[in-house]
Amino acid sequence: MNKQKIKFLALFFYFFTLWFPNLFAQSHGATDLVDFVNPLMGTDSNPSLSNGNTYPAVGVPWGMNMWTPQTGKMGDGWQYTYASNKIRGLKQTHQPSPWMNDYGQFSLMPVSGKSVFDQDERASWFSHKAEVAKPHYYKVYLADYDVTAEVTPTERAAMFRFSFGKTDSAFVVLDAFDRGSEVQIIPEKNMIIGYSSRYSRGKLPNFKNYFVVVFDRPFTNQAVWEGKTKKNGVLKIQADHVGAIVGFKSAGKHDVIHARVASSFISAEQAQLNLKELGNNSFDTVASNARKQWNDKLGKIKVEGGTIDQMRTFYSCLYRTLFFPNKLYELDAKGNIVHYSPYTGEILPGYMFGGTGFWDTFRALYPLLNMVYPSINKEMQEGLLNCYKEGGFLPEWSSPGFADIMVGNNSASVVAEAYLKGIRGYDIETLYEALKHGANNEGPMTAVGRKGVQYYNDLGYVPYDVGINENAARTLEYAYDDFAIYRLAKALGKPKEELELYAKRSQNYKHLFDPSTNLMRGKNKDGSFQSPFNPLTWGDAFTEGNSWHYSWSVFHDVQGLIDLMGGNKTFVNMLDSVFVQPPIFDDNYYGGVIHEIREMQIADMGQYAHGNQPIQHMIYLYNYAGEPWKTQYWARETMNRMYSATADGYCGDEDNGQTSAWYVFSALGYYPVCPAMDEYVLGAPLFKKATIYLENGKSFVIEAPNNSDKNIYVHQASLNAKTHNYNYIKHADILKGGVFKVDMREQPNKSRGTQSSSFPYSFTTDKNKF
């Protein structure tokens, strides 16, 4: 072949990869979806500005344990930050967010030269250039010790591989952390056992995370340590903060040291039983098995026809939705499902999950589970049943037991939605009783049950002037939660008077509507509105937002809200106003700018604060007022500008899969505005094709062949070749499988979806309430 032909083919190949990057990726070995995931997405964060507040979570979907490199000091919720340059260890973590912090954590750290063990002294420089982060595997070069550390997980265990440079002094440090820990070195078994009892939230009776570490070669020396003091000749120690350090012979990087690690919340014996998850597998086999698990779960949604960046962002978001709530249950020697109860401290039979806040995740994370992964949510529902039996209430934030944070009684939505969307095989009657109990009682702490319930039930709202903070937010969320209870009661055939009670309470949002501003406003016990009132005040009557954010929190009755505002035109103008206002704010309630305020301020989207949950559904509300093309525009704008598979890839806290689930749904072309209903409100798909492989064996395909960065508007749509003029699609239609085809154009179709017959569900227009 002559040089001209070679040059031509090289140029052709180059431009072909530019024009068709996704095709190139899929045809050259990147067919594994796990390869699109960037676990570092969102890690460039700090307490004053969140770009996700994530860490590189290395685990398997919903696994009991995850592992992460630890750059922060012991107890720092920001356990890994992208801007850091030193690693203190590879840490087992159960942390749902930096604000909730961790529990049961311990770490391993290889060192050489000196037997250093203090967290600052042992910290090693590292670079992202010598770091590999995958959902199923992590690798980093620790420069100060000339050692490469790798870890790969199972649900309750993990395997480490340490490749030291040539040295006569190779060590591994185990740090069991402070607040009560124990270690024991068993040299004849190449083993370290012990426990960590550190936790950050709630009251966890009898809490310990027992661990076992088994190395594949004998120790040449060993010692335990307490605080900053090494104790040579001692093999077992219990104190506030203890650890172990063991030494090995090393012949260089081709002579690696393996460590097999497992843990249990039940007992040391159970930890050793959990170690059997690794079997006799090699490190590479464990990594391959974990990789397969991720490919299987990520592969339940296959997207095609987007850019390589869009593919990476989509699957990085989907990865984040598959961790929390995570499994707290274990399998005993007989194969029975058992768990440590964070509510009673006992070891009890059955499922248990932890690590999620329903204030965040009821909105999109649980709807995603119900649509794509219902079998795991069945286990979660059984776990909630055990929470109620053991704790007396359903949790609203589990970390892993009751955590006293955030507002609302949104367990009602999580429980009701699962049943209403077809999940069966568990005791829904007892869960229904749990919902009623939570709806009519204050709990053992502010965030459990309903704070201010007597006021709410008697007056129809939680008053502003009775010493209950964030009262308007509570009222609005309780009203939606009552709708969820009403819907479940109806499905279960409960008495009409019971349906009527919760249906009536679902309308309590109307008590806070202020016609003088067309916004929600705190109301005093005597019926007067709070005064003075600034709708740009964050906090006070609202939760991590202002009135412009919370006034749309009528998920179940948008038409009722439209009527209060004076009709579709005024409603749309109010929606538009969110984006056109300057991002000014009043932070007096907090006494300073909280990170959620800053994230709104710098986004250049007016008062739209996508970085926090209360307003994330608002973009989709144009569908209820006859201007769906505005939803299509703003959904695409938010996906394009607020998300990327980079270290600064989110526009606020990722929050246990919720903000990621928003992207996953929006990229598919619809969103669950009201999770307790069987409808998804339409936006516009991001990809030319998306296939959902349902657990019932059917597939639902979304086709948008004309989709592009300019063709962002829905011109027409069809469901299984029949014209679809509705601004929503039903959950039942998705479960039947089929093809939803969307004709995308550059200009909006302002005649489609404009009639009330096309609008999604609202309680006000429901003609079959009872």
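The model is predicted, with local features needing pLDDT of at least 70 and side-chain atom pairs counting only at pLDDT 80 or more, while totals for chains, interfaces and linings use all residues. Residues are numbered from 1 along each chain as its sequence is written, and side-chain values use heavy atoms, leaving out hydrogens and water.

Visitor: How many aromatic pairs does the structure hold?
Guide: Rings of Phe, Tyr and Trp (its six-membered ring) pair if their centres lie within 6.5 Å. By that rule, the number of aromatic pairs in the structure is 53.

Visitor: Are the rings of Phe-36 and Tyr-315 stacked or edge-to-face?
Guide: Planes under 30 degrees apart count as stacked, over 60 as edge-to-face and the rest as tilted. The ring centres of Phe-36 and Tyr-315 are 6.0 Å apart and the planes stand at 25 degrees, so the pair is stacked.

Visitor: Is Trp-634 buried or exposed?
Guide: Buried means under 20% relative accessible area, exposed over 50%, and partly exposed in between (1.4 Å probe, protein chains only). Tyr-633 has a relative accessible area of 31% and is partly exposed. For Trp-634 the relative accessible area is 17%, so this residue is buried.

Visitor: Which residue lies over the face of Phe-529?
Guide: A charge sits over a ring if NZ of Lys or CZ of Arg is within 6 Å of the ring centre and within 35 degrees of the ring normal. At 4.9 Å from the ring centre of Phe-529, the residue over its face is Lys-523.
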